[in-house]
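Trainee: Hey, could you walk me through a structure? I'd like to start with the ligand and then look at the rest.

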Amino acid sequence: MRAVESYIEGRWHHGADGIMVNHAVTGESIATISSAGIDFAAAVEYARTVGGPQLRELTFHDRAGILRALGKHILADTAALYDLSTATGATRSDSWIDIEGGAGVLMAYSGVGRREMPNAKVIIDGEPVLLSRDGSFLGAHIISPRPGVAVHINAFNFPCWGMLEKLAPTFLAGMAMIVKPASQTSYLTELMVRSIIESGILPEGSLQLISGNAGDLLDHLGPQDTVAFTGSADTARRLRIHPAIIDNSVRFNAEADSLNAAILGESATPGTPEFELFVAEVVKEMTTKAGQKCTAIRRVLVPSGVAADVEEAMVARLTAVRVGDPADAETDMGALASLDQREEVRQSVDALCGAAKVVFDSCDFHDVDEDRGAFLAPTLLRATDRRAAAVHAVEAFGPVATIVHYEGTADAIDLAALGKGSLVASVFSPDDGEAAELALGIAAHHGRVHVVDEACGSSSTGHGSPLPQLVHGGPGRAGGGEELGGVRSVHHYMQRTAIQGSPDKITAITGTWTKGSRRTDNGHPFTLHFEELQIGDAITTDSRTVTIEDIEAFADLTGDYFYAHMDEEAAKASPIFNGRVAHGYFVLSAAAGLFVWAPPGPVLANYGLDNLRFATPTYPGDDLTVHLTAKEKSLRAGAGYGEVRWDAQVVNQNGETAATYDLLTMVACRPNGDESA
Ligand code: NAP
């Protein structure tokens, strides 16, 4: 018998008097679990004082690199995880979602960190705002890691993915975490954490594991800490009013259960591809993970005229679902996680039967003892009272869905809202207008709306799959929280702060040159290597007079004969110009001609412009000058170069801005440099 352990304060901890956990398929006892003897206060302190400081020493790019290494490590050897996952009742494809899907989230967040975040320790949120007429007082926002601990409390249904989808954004943010998986399937989480700890990839103290109950953990949380909870709405309700959470305003994010809907549009009549896609998706959602997904479709909303067709098509597909041993490759649907779980689902079906009628609930159970294992036939119901509270409130967390008919689009939107807030809803419709009306009508009640038509039928990632790039969560009943969604969820583990001060102070604090702050002449900045270049290094160029010949030559070269450049009368007649003007792209090109350093040097390439505006038209006879200032540096570790963002201001002889933009360049590090700048 395996004793599931916790990993606390850098050591594996064996708790006495563990509760027994059974194999979902055979019913045999497979593990004991206990958190007895853990000093929860010390665990919290260890995260804050050992894990957190090490993480905050790293930049976002450093942490992104570690996430990538961790993802690769998990993917390199998954055999033992797959073997053990069978004990949770999961088929091979269910386990794939949990194990490889979880590692995929790490890889995706590694990409978010490297592509969308700076190689720095704080994030600058938006542009500074002027707070005085003379520009001497500004405000800016920064987002920095919180020095507390992130407590993750997870549900039983995805023991690996559930941990990793929270770990990735938390780690990227720079916060140490304590993970508490649901007891029922914690043996699989423990196996994965063991592999992570043994790999030595994560800084010590950044990840601790509690196997078993959470004891007095929450009592020790303070104002810099965060709780991210996934589980039932009931538990969420109890935890969010914990005194320590209320007294210290501990951030509390809840991902709870919900009565997710799939809506068949009236235009998706039987025989249309959307009708077939709808039926297939609902059956897939009922049977994947034996319906134990927070996102699974529970309410099947269909136009009343085709309810019988939908029912018939679904029953035909459900009859073909092979239920049995999850280790058998032929099996479509395995077991629920435990006999207790099956009992809960049966009770929920009984509760639904007050307002619905069972239309299908039979199957052959292949090669298993359906009494000892937690097996349940897919169960389809039809609502007899389509507005009854039970239909929209009782979550049967298993292979169960209820068909509810509707009368017109407004009625469908109204019924979807009776769920009082859900994680996701799907809309199936070939008609753009109908799809838009449904999607916009239900959007405020959902965290995600998944719209399917023939064009994306085979490429859709599916109703039930939360994606790292997209928000996962939902209002109301669904917990009111939000996780995933790319960089958005990293911010949940950080603090946004408004900083006010003079331009020089804002530059010093943010590490990004701010308009109005010092510009330094250290020679032409394009002759400086990445390490030598300082924020604020600048050049003011010679000036160049723009002529009518320049404009005509540029038009001939590019084929851009737009009236404003070529037709004096038409240009004058426009409400914008006083006569022919230079092409904006000529202004940019002429500016480059003024500031570039022509011979080979540290500046390797220009890879784009951001925030470009042509503020004042440039007329023949205008003199242009460029003020170029090094604004932001981000080292590409190991690449031999860094990215440098320059503030570029092209001004005319009157000091008016002709063009303003950020120029993006790659600047070489010193040959054999240590890349440490
Ligand atoms: P649960 O019973 O609410 O338990 C969730 C977690 O809370 C478990 O780790 C549980 O630990 C822990 N917990 C319970 N009481 C606690 C307390 N007083 N202090 C600290 N932790 C406590 O939910 P579940 O049965 O595991 O999961 C199924 C439910 O989760 C379903 O309703 C499903 O819809 C929902 N879910 C939602 C999402 C989502 O993303 N929105 C994802 C998956 C599942 P123990 O196991 O040790 O009791």
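Predicted model: local features only at pLDDT ≥ 70, side-chain atom pairs only at ≥ 80, totals over all residues.

Trainee: Okay, how many residues surround the ligand, and which are the closest?

Mentor: There are 24 residues around the ligand, and the closest are Asn154, Ser183, Ser232, Thr235 and Glu395.

Trainee: What does glutamate 395 do there, in terms of distance to the ligand?

Mentor: One of the polar side-chain atoms of glutamate 395 is 2.6 Å from a ligand oxygen. Lysine 180 also has a side-chain N or O atom 3.0 Å from an oxygen of the ligand. With glycine 231, a polar backbone atom lies 3.4 Å from a ligand oxygen.

Trainee: And how much of the ligand does the protein bury?

Mentor: Taken alone, the ligand exposes 900 Å², and the protein buries 80% of that.

Trainee: Which pocket is the ligand in?

Mentor: You'll find the ligand in the second largest pocket. Strand S12 (226-230) and helix H7 (233-240) are the elements that each give two or more residues to the shell around it.

Trainee: New topic: which domains does the protein chain have?

Mentor: The assignment gives domain 1 (2-122 + 143-255), domain 2 (261-473) and domain 3 (519-668).

Trainee: Which of them give at least three residues to the ligand's shell?

Mentor: Domain 1 and domain 2 each supply at least three.

Trainee: And how far apart are domain 2 and domain 3?

Mentor: Their C-alpha centres are 56 Å apart.

Conventions: Residues numbered from 1 in each chain as written. Heavy atoms only, no water. Near = heavy atom within 4 Å. Polar contact = N/O pair within 3.5 Å; in protein donor to acceptor, adjacent residues only side chain to side chain. Areas by Shrake-Rupley, 256 points an atom, 1.4 Å probe, with all protein chains shown as cover. 1 Å grid on protein atoms, 1.4 Å probe; cavity = no way out; pocket = protein on both sides within 12 Å on 5 of 7 lines; lining within 4 Å. Sits in = over half its atoms within 2 Å of the grid points. Helix = DSSP H or I, 4+ residues; strand = E, 2+ residues; numbered from the N terminus. Domains from an automatic or database assignment.
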